[in-house]
Amino acid sequence: MLLSHMLARDGIDSVVIEHRSRAHVLKRIRAGLLEAGSVQLLRDAGLAARMDREGIVHDGSSIVWGEGKHFIIDTKKFTGKAMMAFGQTAITEELYAAREAAGAAIFDCAEDVALHGLDSDRPYVTFTRNGKAERVTCDYVAGCDGFHGVSRKAIPASLQRTYEKAYPFGWLGVMSEVPPLAEVTYAYHARGFALASMRSPMLSRYYIQCDSDTRLEDWPDERFWEELKLRFPRDFAARIVTGPSIEKSIAPLRSFVSEPMRHGRLFLAGDSAHVVPPTGAKGLNLAFSDVFYLSRALAASIRKNNDTYLERYSETALRRVWTSARFSWRLTHLLHRFPDDSAFDLRARENELEYIAESEAACAALAEQYVGLPYEG
Ligand code: DHB
């Protein structure tokens with residue numbers, strides 16, 4: 001939707017083909033923390049009015065462990081930039097409103113989506129909708145259909161290289177209409193990782209690390225809040241305001257990158273090409289940087305007959321993807337308990353947390369990556 005919106009601003013038509021219903025897309029709770037570059041991108045795209053009204057600016061996030069040990073990932077101090085807590089669900093609402101107002105072609109509930117002729121200069125996409133066969137012929141196909149979508153699978157396996165890491169735990173997340181902690185706070189604890197985040201001044205988002213076989217029905221709200229508070233230092237736990245959950249879900253954690261992000265006239269963007277574990281909130285932000293690079297490349301090719309950006313799209317996007325993939329993997333290792341952690345692993349992890357807390361250089365490196373690398377010129 002963001003790519004479609006940005007292309008339209010360059011006078012380029014697009015058709016959005018969505019497998020899910022609009023109601024499903026608009027109700028899903030997804031990411032919520034925007035890098036400085038994502039905030040700027042939304043402003044530049046003319047989509048920031050609600051974000052600037054409702055979003056919560058963060059000059060940094062806290063990491064806590066033990067009783068009273070902590071440091072701040074101080075993005076303001078070390079990079080001069082801030083993050084913004086603003087939900088992907090709200091961004092999606094804004095995008096649908098903007099595209100609808102512009103009369104965009106959006107086909108939801110598309111079944112049996114298939115890509116054809118990607119090696120030719122007239123690729124086309126077929127799908128069925130309301131029982132009717134549809135066909136869209138185009139110049140380019142943007143594969144923005146997520147990890148389970150059809151786009152990546154349309155690339156011959158012999159031309160593709162994938163890198164994958166599965167983690168032996170998931171995140172159990174709760175959304176509740178209660179005031180959040182003042183800051184996004186990551187907790188490392190012997191019982192497992194926990195995270196306090198937010199969507200608005202009256203909407204809190206909390207997560208706890210859970211076993212991979214965890215079942216939602218075993219986690220009524222009371223048990224969740226009790227476990228959450230056990231994982232924060234006492235003074236933080238005392239400030240957590242609890243209430244009924246309005247959403248509760250379990251997400252598995254995975255790292256995945258597929259290269260290249262282009263095959264002929266198909267360009268992958270977002271989760272169709274890469275998945276990161278949520279620690280560090282990089283997933284949505286990477287989708288945004290892909291869309292920035294891809295919209296710029298398509299505009300240069302279509303409007304100015306300049307294919308330089310398009311030719312370099314995959315390598316440019318992947319440089320940023322790998323930085324965030326590595327960062328999310330490192331932060332996941334730093335803050336979670338792994339079932340096979342040895343006594344050495346535990347001491348080394350505590351030592352690393354203490355080292356970061358003591359070292360301005362380590363704090364600066366963390367802040368630079370957390371706030372997000374600038375987009376390449
Ligand atoms: C969320 C926030 C984070 O800081 C993070 O690392 C992962 C997820 C969230 O609010 O959903």
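Trainee: How many residues does helix α10 have, and how far does it reach?
Mentor: In this predicted model, α10 covers residues 308-335, so to speak a run of 28 residues. From its first C-alpha to its last it reaches 41 Å, close to the 40 Å expected at 1.5 Å a residue.

Trainee: And where does α10 bend?
Mentor: Look at Ser314: α10 bends there by about 45 degrees.

Trainee: OK, what about α9 next to it: at what angle do the axes of α9 and α10 cross?
Mentor: At roughly 170 degrees, and the two axes come within 9 Å. Angles over 145 degrees count as roughly antiparallel, so that is what α9 is to α10.

Trainee: How does the contact of α9 with α10 split by class?
Mentor: It has 11 nonpolar, five polar and three charged residues.

Trainee: Which helix does α3 pack with, and at what angle?
Mentor: α3 (residues 36-44) packs with α9 (residues 283-304) at about 50 degrees, with their axes 9 Å apart. That angle makes α3 oblique to α9.

Trainee: Left-handed or right-handed crossing for α3 and α9?
Mentor: Left-handed. From α3, the contact uses Ser38, Leu41 and Leu42, and from α9 it uses Asn285, Phe288 and Phe292. By class, those residues of α3 and α9 come out as four nonpolar, two polar and no charged.

Trainee: Let's go to the start of the chain. How far apart are the axes of α1 and α6?
Mentor: They are 10 Å apart, and the helices pack at about 40 degrees. In residue numbers, α1 is 2-9 and α6 is 88-101. The pair is therefore oblique, and α1 passes α6 in a left-handed crossing.

Trainee: Which residues of α1 and α6 make the contact?
Mentor: Leu2, Ser4, His5 and Ala8 come from α1, while Leu95, Ala98 and Arg99 come from α6. That gives four nonpolar, two polar and one charged.

Trainee: Switching to the backbone: is the peptide bond from Glu259 to Pro260 cis or trans?
Mentor: Cis, with omega near -5 degrees. You'll find Pro260 in the loop between β16 (245-259) and β17 (262-263).

Trainee: And is the phi of Cys109 positive or negative?
Mentor: Positive, about 50 degrees, although Cys109 is not a glycine.

Trainee: Where does Cys109 lie?
Mentor: Also in a loop: Cys109 lies between β7 (105-107) and β8 (111-116).

Definitions and conventions
Residues are numbered from 1 along each chain as its sequence is written. This is a predicted model: local features need pLDDT of at least 70, side-chain atom pairs count only at pLDDT 80 or more; totals for chains, interfaces and linings use all residues. Side-chain values use heavy atoms; hydrogens and water are left out. Helices (H or I, at least four residues) and strands (E, at least two) are DSSP runs, numbered from the N terminus. The expected span of a helix is 1.5 Å times one less than its number of residues. The bend at a residue is the angle between axes fitted to the seven residues ending there and the seven starting there. Axes are lines fitted to C-alpha atoms, for helices over the stretch in contact, and angles run from 0 to 180 degrees between N-to-C directions. Angles under 35 degrees count as roughly parallel, over 145 as roughly antiparallel, 65 to 115 as roughly perpendicular and the rest as oblique. A crossing is left-handed if the near helix is turned anticlockwise from the far one by less than a right angle, and right-handed if clockwise. Contact means heavy atoms within 4.5 Å. Ala, Val, Leu, Ile, Met, Phe, Trp, Tyr, Cys and Pro count as nonpolar, Asp, Glu, Lys and Arg as charged, and the others, Gly among them, as polar.
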